[in-house]
Structure formats: structure tokens, C-alpha cells
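Work through the following exercises with the sequence and the model open. Each task is followed by a solution in steps.

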Amino acid sequence: MKLGRNDKCWCDSGKKYKKCHLDRDKMPEISRGDVHGHTNKIKNVKYCSVPDSLKNGCNKHMIKAHTISKSSSLKSIAINSHVMGTKHHYDAISKNSGILKLESIGINSASTFTGFCAVHDRDLFSPIENEIFIPTKKNCFLLSYRPVCREVYAKRNSNETANFLRNFDKGKNYIEQRALQTALSVYQEGIENSIKDLKILKDKMDAILSTDSFDNMDHFVIELNEIPQINASGSILPTFDFDGNRLQTLTERTVSTVIFNSIYSGENGYFIFSWLKDDEIIVRKFIESLSNKDDIADRLVAFLFSYCENVFCSPNWWNDLPIDRQEDINARIMEGLPGFKPTDSKTLSTTLHGYGAFTVKQSYYL
Ligand SMILES: [Zn+2]
Ligand SMILES: [Zn+2]
């Protein structure tokens with residue numbers, strides 16, 4: 001079909017053909033300068049994530065907020081102020097030929113995002129940052145709120161990056177253009193669905209925060225005996241439980257989310273799962289399939305590296321791990337990425353043992 005200059009472009013950008021793919025094969029390819037410009041643009045996205053009802057208390061200064069709660073968490077596992085984590089920005093991935101791997105990262109840049117103003121970052125999280133962490137309903141809510149805000153922030157940026165990647169077919173022929181745009185459309189549809197799901201979750205959590213109704217969330221608290229060798233925070237839509245049973249499909253109209261944090265509070269270590277009461281049916285099944293295991297500590301390691309990218313570990317722990325455990329973790333980091341093994345029923349139902357990252361003292365519902 002022949003497109004007119006003023007028709008909508010075939011690539012679904014919504015732009016006119018003449019402003020989009022017309023003569024794209026003759027355009028200069030994307031340069032390193034373009035990539036750099038995009039990276040800077042993403043770095044400069046700053047806003048405060050608090051609910052509208054609190055916005056009038058915002059300070060205009062947006063800061064680099066930590067998402068792994070309690071700055072002492074990362075310090076407790078760092079060597080020379082560095083921990084091991086994965087770098088997800090475009091430059092790092094292209095340097096490693098598309099492979100994500102654990103690298104040394106300074107704790108000041110690990111796990112930060114500019115998603116809170118100075119006032120709210122300080123005041124809102126003061127009960128969990130400035131005091132020894134005690135797992136109460138309110139504190140566990142605060143712990144789970146920040147990773148959700150971070151994921152909203154990160155997904156918006158992923159969408160921007162996908163829009164940028166749409167330019168990588170400049171100077172290429174029509175078949176290559178079509179292949180790239182189709183792959184990115186599929187990718188972006190996934191991102192847009194995640195953004196929708198996250199917005200529903202964030203709105204409900206905003207309502208809890210605005211009304212102090214912390215009883216609307218439940219938690220599963222795993223108390224640890226020693227400093228956790230892995231710190232992490234994030235949220236997932238669990239599709240399989242720890243026995244490999246399917247819990248939900250992501251095409252359902254409403255999906256259930258579980259939020260998790262692995263922290264050290266200066267005195268105690270905790271791994272905490274959190275969820276909305278609305279999501280109880282699915283998430284309880286997920287938690288129960290973990291809580292009846294006698295190898296919870298190893299299951300948590302498998303879970304984190306397969307499902308979470310905001311995860312940081314102790315360099316000493318990592319370097320002392322046997323090679324087969326390191327290889328297993330590296331494979332898990334790549335799981336679910338295009339061209340690699342998808343996360344499936346086996347992801348959490350099989351795990352190696354003896355990672356030695358967590359020592360479980362006791363666990364309970366809160
Ligand atoms: Zn186009
Ligand atoms: Zn604010």
C-alpha cells in the first residue's frame with residue numbers, strides 16, 4: 001500500500017508519514033552523541049511521587065533518593081563503598097554485547113532515583129530511616145511504598161527509551177525498519193500494561209498514605225539472624241508459585257502484585273513481602289508455597305535474581321560463591337530477556353542450595 005505524505009505512518013507512532021518514516025533509509029544513522037543526549041535526558045527526569053493531597057508540602061529541590069531502605073543496608077555489605085549490581089542503562093548493556101552481569105557499583109549511585117523532593121524524602125520515610133526498623137504495619141507500608149514509586153519512575157523511562165530506540169532504523173532498508181518497529185511495538189505494549197497496573201497499585205497506596213489506613217496492606221516478615229548479603233527492593237506480578245503452579249496470567253483484567261524488600265536496619269536483617277488486601281488471594285498462595293519450605297533462604301536468592309533488577313550483593317559474598325552458583329545467578333539475571341530462557345514454572349520450583357546469603361530466624365504474617 002502506498003502511503004501519502006500526510007497519511008499516518010505505518011509504524012503506529014501517530015505521526016504523519018512525511019515526519020516519520022518517509023525516506024528513513026536515506027537518513028544518517030543514530031550517533032553516539034544522540035545516545036548520550038538521550039541518556040542525559042533520562043537522568044534529568046525529576047519529580048516528587050507523593051499523592052496529590054501532599055503535593056503542597058513539596059520542596060522544589062528533587063534529590064537522589066535511595067530505594068533500598070536504610071542507607072546502612074548497602075553500607076553493611078559494601079567493600080570500599082562498592083557493592084555488586086547490574087547496570088541497566090544503554091551504554092553499559094551495549095558495552096557487554098547485550099549481556100547484563102554483576103559489576104561493582106558505588107553505593108551512592110546504587111539504587112537511587114530522583115523521584116522525591118528533599119522534604120518528602122526526609123519526612124515521609126523518617127520512621128524507617130532514622131530509627132532502628134521495627135516491623136509495624138506503618139513501617140512495612142513505608143518500606144513498600146518507595147519501590148512502587150521507583151518502578152513507576154523506571155517504567156516511564158523505559159517507555160522513553162523505547163521511543164528513542166525507534167530511531168535506530170535510520171539509514172536501514174524497509175525490511176529492517178519493519179522488524180525493529182514491530183519488535184518495539186510488542187515491547188512497548190508490555191511497558192504500557194505495566195504502567196497501567198502500577199498506576200492502579202500506586203493510587204491505592206496513595207489512598208492508604210493519605211488516610212493512614214495502613215491495615216489495608218498485609219505483610220510476610222522473615223527475620224534474619226545475620227546481615228543479609230543481598231539487598232533488594234521491587235515488586236512483581238507473581239505468575240508461578242514456588243512449587244511451579246500457575247497463579248495468574250498477565251492478560252487478566254486485574255492482576256495481583258507482591259512487593260518485597262531485603263534490608264538490614266543496623267541491628268536486624270529482614271526480608272519482607274507486602275501486598276494490598278485486594279490482592280490477598282493470589283499473593284497468599286505465593287507466600288504459602290514459600291513458607292512451607294525448609295530451604296527458604298535459597299529460594300529467596302533464586303527469586304531475587306530471576307525477578308528483580310534492583311538487587312545488590314556483597315562483593316565478598318559474591319567472590320566466595322562456587323562457580324556453579326555464580327553461573328546459576330548469571331543465568332537468572334538474563335531470564336526473561338529477549339533471546340534468553342523465559343521465566344516459567346521451573347524458575348522458582350528448582351534451586352541450587354547453599355548460597356549462604358540469608359539465615360532465617362523466624363517468619364510471620366503481619
Ligand atoms: Zn514511522
Ligand atoms: Zn514532595
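**Exercise 1.** Determine the geometry of the site of the zinc ion (ligand 1) and list its protein donors.

Solution. The model is a predicted one.
Step 1: collect the donor atoms. They are the SG atoms of Cys9, Cys11 and Cys20 together with ND1 of His21, at 2.1 to 2.3 Å from the zinc ion (ligand 1).
Step 2: check the angles. Among the four donor atoms they run from 104 to 115 degrees. Four donors count as tetrahedral if all angles lie between 85 and 135 degrees, and the site of the zinc ion (ligand 1) is tetrahedral. For reference, the ideal angle for four tetrahedral donors is 109.5 degrees.
Step 3: read the spacing. Along the sequence the donor residues of this zinc ion follow C-x1-C-x8-C-H. Cys11 and His21 are 10 residues apart, and each sits in the segment before α1 (32-43).
Step 4: Cys11 is buried at a relative accessible area of 4%, and His21 is buried at 3%.

**Exercise 2.** Carry out the analysis for the zinc ion (ligand 2), and state which parts of the chain Cys48 and Cys58 tie together.

Solution. 
Step 1: the donors are Cys48 (SG), Cys58 (SG), Cys117 (SG) and His120 (ND1), found 2.1 to 2.3 Å from the zinc ion (ligand 2).
Step 2: the angles among the four donor atoms span 99 to 120 degrees, and the site is tetrahedral.
Step 3: the spacing of these donors along the chain is C-x9-C-x58-C-x2-H. Cys48 and Cys58 both lie in the loop between α1 and β1 (62-66), so this pair ties together parts that are 10 residues apart in sequence.
Step 4: compare each accessibility with the cut-offs, where buried means under 20% relative accessible area and exposed means over 50%. Cys48 is buried at 7%. Cys117 is buried at 0%. Cys58, with a relative accessible area of 27%, is partly exposed.

**Exercise 3.** How many disulfides does the structure hold, and which cysteine sulfur is nearest to that of Cys140?

Solution. 
Step 1: the count of disulfides in the structure is zero.
Step 2: take Cys140 as a case. The nearest cysteine sulfur belongs to Cys149 and is 16 Å away. A disulfide needs two cysteine sulfur atoms within 2.5 Å, and Cys140 is in no disulfide.
Step 3: Cys140 is buried, its relative accessible area being 1%.

**Exercise 4.** Where does the largest nonpolar core lie relative to domain 1 and domain 2, and why?

Solution. 
Step 1: note the domains. The assignment gives domain 1 (33-42 + 49-214) and domain 2 (216-365). Their centres, taken over C-alpha atoms, are separated by 19 Å. In the contact between them, domain 1 takes part with 43 residues and domain 2 with 47 residues.
Step 2: describe the core. The largest nonpolar core has 42 residues, and Phe273 and Phe303 have the most contacts inside it. Helix α9 (residues 296-307) supplies the largest share, eight residues.
Step 3: follow one residue. Beyond its neighbours within four places in sequence, Phe273 is in contact with residues including Phe220, Ile222, Val258, Phe286, Leu290, Leu300 and Phe303.
Step 4: account for another core. A core of 34 residues lies apart from the largest one, and Met62, Ala65, Cys140 and Tyr145 are among its members.

**Exercise 5.** Asp12 and Asn80 have positive phi values. Find where each residue lies, and decide whether each is buried or exposed.

Solution. 
Step 1: recall the background. Most residues other than glycine have a negative phi.
Step 2: take Asp12. Its phi is near 70 degrees. Asp12 belongs to the segment before α1 and is exposed, at 67% relative accessibility.
Step 3: take Asn80. Its phi is about 50 degrees. Asn80 is in the loop between α2 (71-77) and β2 (82-85) and is exposed, at 69% relative accessibility.

Key:
Residues are numbered from 1 along each chain as its sequence is written. Chains are lettered from A and ligands numbered from 1 in the order in which they are written. This is a predicted model: local features need pLDDT of at least 70, side-chain atom pairs count only at pLDDT 80 or more; totals for chains, interfaces and linings use all residues. Side-chain values use heavy atoms; hydrogens and water are left out. Donors are N, O and S atoms within 2.8 Å of the metal (3.2 Å for Na, K and Ca); water is not among the atoms, so sites may look incomplete. Four donors count as tetrahedral if all angles lie between 85 and 135 degrees; four count as square planar and six as octahedral if opposite donors are over 155 degrees apart and all others between 65 and 115; anything else is irregular. Helices (H or I, at least four residues) and strands (E, at least two) are DSSP runs, numbered from the N terminus. Buried means under 20% relative accessible area, exposed over 50%, partly exposed in between (1.4 Å probe, protein chains only). A nonpolar core is a set of buried Ala, Val, Leu, Ile, Met, Phe, Trp, Tyr and Cys residues joined through side-chain atoms within 4.5 Å. Contact means heavy atoms within 4.5 Å. Domain bounds come from an automatic or database domain assignment.
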